[in-house]
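Hello,

Here is the structure we talked about handing over. Please open it and keep it beside you as you read.

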Amino acid sequence: MTESLATELSQIIQDSLKQFDTIPEEYWTKKPSPEKWSKKEILGHLTDSALNNIQRFVRVQHGDQTNLYYEQDFWVKANDYQHQDLASIKTLWQSLNLQIARVWKKTWDADLQKTIPVKDETPTLQFLMEDYIVHMNHHLRQIYAE
């Protein structure tokens, strides 16, 4: 199971990088409204998600029950993705997600039912992995939309 999720994630990364190249530069910084994220900020949010979730994916296997919750709007502002170089954000997103795929490939099926607190919930590792892909696809659709 973990191998197939890792393969799916790797394919999403590969396909997305190609798709990103079709989006004109000026579309990346355009905000639909002042309170909404630009495509660049959405990709930055996915980078923040990778930074936080890779810790969960590793910690839960070790039995660490640290509750890692982050406030996504604060992280996007603190990292100032809107004013960062797009190529740097893409590279960081790619690198972090390839590392997640490597972690997933080495995850034992026996660990999939282990849990870790996330905010007010205690999901299984399997749920976190599957939900990570759902979450990523949701935001990638926002990036691809005009």
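First, a term you will need: buried means under 20% relative accessible area, exposed means over 50%, and partly exposed is in between (1.4 Å probe, protein chains only). Note that this is a predicted model, where local features need pLDDT of at least 70, side-chain atom pairs count only at pLDDT 80 or more, and totals for chains, interfaces and linings use all residues. Residues are numbered from 1 along each chain as its sequence is written, and side-chain values use heavy atoms, with hydrogens and water left out.

Aromatic rings

Rings of Phe, Tyr and Trp (its six-membered ring) pair if their centres lie within 6.5 Å; planes under 30 degrees apart are stacked, over 60 edge-to-face, and the rest tilted. The whole structure holds seven aromatic pairs. Take Phe20 and Trp28: their ring centres are 5.4 Å apart and their planes stand at 85°, so this pair is edge-to-face. Phe20 is buried at 0% relative accessibility. Trp28 is buried too, at 1%. Tyr70 and Trp75 also pair edge-to-face, with 5.4 Å between centres and 65° between planes. Tyr70 is buried at 12%, while Trp75 is partly exposed at 28%. One aromatic cluster is made of Phe20, Trp28, Trp93 and Tyr144.

Tyr81

Helices (H or I, at least four residues) and strands (E, at least two) are DSSP runs, numbered from the N terminus. Tyr81 sits in the loop between α4 (72-79) and α5 (86-105). Is Tyr81 buried or exposed? Tyr81 is buried, at 2% relative accessibility. Contact means heavy atoms within 4.5 Å. Leaving aside neighbours within four places in sequence, Tyr81 has contacts that include Lys40, His45, Trp75 and Ile89.

Salt bridges

A salt bridge is a side-chain nitrogen of Lys or Arg within 4 Å of a carboxyl oxygen of Asp or Glu. There are four salt bridges by this rule. Asp21 and Lys90 form one, with their closest N and O atoms 3.7 Å apart. Asp21 lies in the loop between α1 (2-20) and α2 (25-29) and Lys90 in helix α5, so the pair ties together parts 69 residues apart in sequence. Asp21 is exposed at 62%, but Lys90 is buried at 16%. Glu41 bridges to Lys31, with the closest N and O atoms 2.9 Å apart. Glu41 is buried at 9%, and Lys31 is partly exposed at 32%. Arg59 and Asp64 form a salt bridge as well, at 2.7 Å from N to O.

Best wishes
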